[in-house]
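Thanks, everyone. I'll take one chain today and walk through its parts. Please keep the picture in view.

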Amino acid sequence: MKLIHKFKSLNYDKRKSKQISFLILHYTALPSIRDSINYLCDKRNKVSCHYIISQNGKIYNLVNEKHRAWHAGQSAWLLEKDLNSVSIGIELDFSPNNNNNKFSLLLIKSLISLLKYLKKKYKINKKNILGHSDIAPYRKIDPGEKFPWNKLYNLHLSYIPKKVSLNKLKKIRIWFKKNKIYSNKNKILIMLNFIGYDVSKSINNQSSYKSLINNYKSHYLQKSKKKYSNTKLFTFIERHFCSLLLTKT
Ligand SMILES: [Zn+2]
């Protein structure tokens with residue numbers, strides 16, 4: 001894997017933690033790799049990432065991994081509130097509204113090599129390879145519904161729930177009943193929160209709840225995005241929740 005060190009961004013500071021445990025994927029939403037590199041290296045923009053991958057698969061290192069690059073912004077996952085301090089940010093040269101509106105094979109091939117390398121180097125759990133849309137579901141939608149998460153699942157570079165027996169699902173249903181949690185929305189919020197999502201804004205705000213659900217779908221259910229009924233979505237989240245409960249690591 002070749003890394004290009006020709007361009008550097010000064011938009012970084014000191015990590016507040018030595019432990020790197022997340023890899024966060026983004027898209028640039030800019031028309032070209034040149035525009036994106038210029039943007040991420042311009043001090044006035046106060047944003048950056050560690051790596052950016054072009055449509056033709058070139059990997060540029062803009063910020064040294066030991067520094068805290070500024071890619072996540074206000075974000076949260078499980079108990080972690082400062083994702084920039086504990087992650088490596090990877091931007092993909094993709095924009096839904098420009099010519100670079102496809103995830104090219106070369107780009108994905110390089111991304112896979114980079115993820116394999118970083119996952120091994122920092123011993124990152126595949127559950128922690130996430131999109132910006134997962135850690136900031138009310139502000140961000142990248143890497144978006146076209147991003148091929150399925151290619152990453154197949155290579156153990158991202159988490160996908162396993163099949164769970166009906167008996168185990170029943171136990172969860174009984175637990176909800178015992179705790180007097182009856183509405184599907186409340187059950188979904190509890191389960192998504194356990195998975196890692198910040199659900200706080202969704203509790204009393206319907207449009208935030210919609211953003212959360214759409215971002216969940218674009219990561220975990222993207223292929224069947226339109227076909228999925230609410231019941232199927234609910235069962236899938238139940239499976240996800242249950243599958244995590246049963247996974248020890
Ligand atoms: Zn982003």
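Before I go on, two notes. This is a predicted model: local features need pLDDT of at least 70, side-chain atom pairs count only at pLDDT 80 or more, and totals for chains, interfaces and linings use all residues. Residues are numbered from 1 along each chain as its sequence is written.

Back to Gly73. It is in the loop between strand 6 (67-69) and helix 2 (83-86). Helices (H or I, at least four residues) and strands (E, at least two) are DSSP runs, numbered from the N terminus. Gly73 and Ala136 are 63 residues apart along the chain, and their C-alpha atoms are separated by 8.2 Å.

Next, Ala29. This residue is in the loop between strand 3 (22-27) and helix 1 (33-41). Ala29 has 16 C-beta neighbours inside 10 Å, so it counts as partly exposed. Neighbours within four places in sequence aside, Ala29 is in contact with Ser95 and Asp142. Contact means that the two C-beta atoms, placed from the backbone, lie within 7 Å. Asp142 is worth a stop. A cis peptide bond joins Asp142 to Pro143, with omega about 10°. Pro143 lies in the loop between helix 4 and helix 5.

Now the domains. The chain is divided into domain 1 (3-154) and domain 2 (166-246). Those bounds come from an automatic or database domain assignment. Taken over C-alpha atoms, the domain centres are 26 Å apart. How many residues of each domain are in contact with the other? The count is 13 residues of domain 1 with 13 residues of domain 2. On the domain 1 side, helix 4 (132-135) and helix 5 (149-154) each supply at least two residues. That side has seven nonpolar, four polar and two charged residues. Here Ala, Val, Leu, Ile, Met, Phe, Trp, Tyr, Cys and Pro count as nonpolar, Asp, Glu, Lys and Arg as charged, and the others, Gly among them, as polar.

Helix 8 next. Its buried residues include Tyr209, Leu212 and Tyr216. The buried residues of helix 8 pack against strand 8 (129-131), helix 4, helix 5, helix 7 (184-195) and helix 9 (230-246).

How do helix 6 (residues 166-178) and helix 9 cross? Their axes come within 10 Å, at roughly 100°. Axes are lines fitted to C-alpha atoms, for helices over the stretch in contact, and angles run from 0 to 180 degrees between N-to-C directions. That makes helix 6 roughly perpendicular to helix 9, a label for angles of 65 to 115 degrees. Lys168, Leu169 and Ile172 of helix 6 meet Glu238, Phe241, Cys242 and Leu246 of helix 9. By class, the contact has five nonpolar, no polar and two charged residues.

His156, not a glycine, has a positive phi of about 60°. It sits in the loop between helix 5 and helix 6. Lys180 also has a positive phi of about 60°, and is not a glycine. Lys180 is in the loop between helix 6 and helix 7. With 7 C-beta neighbours inside 10 Å, Lys180 counts as exposed.

Key: A residue is buried if 20 or more other C-beta atoms lie within 10 Å of its own, exposed if 12 or fewer, and partly exposed in between; C-beta atoms are placed from the backbone. Angles under 35 degrees count as roughly parallel, over 145 as roughly antiparallel, 65 to 115 as roughly perpendicular and the rest as oblique.
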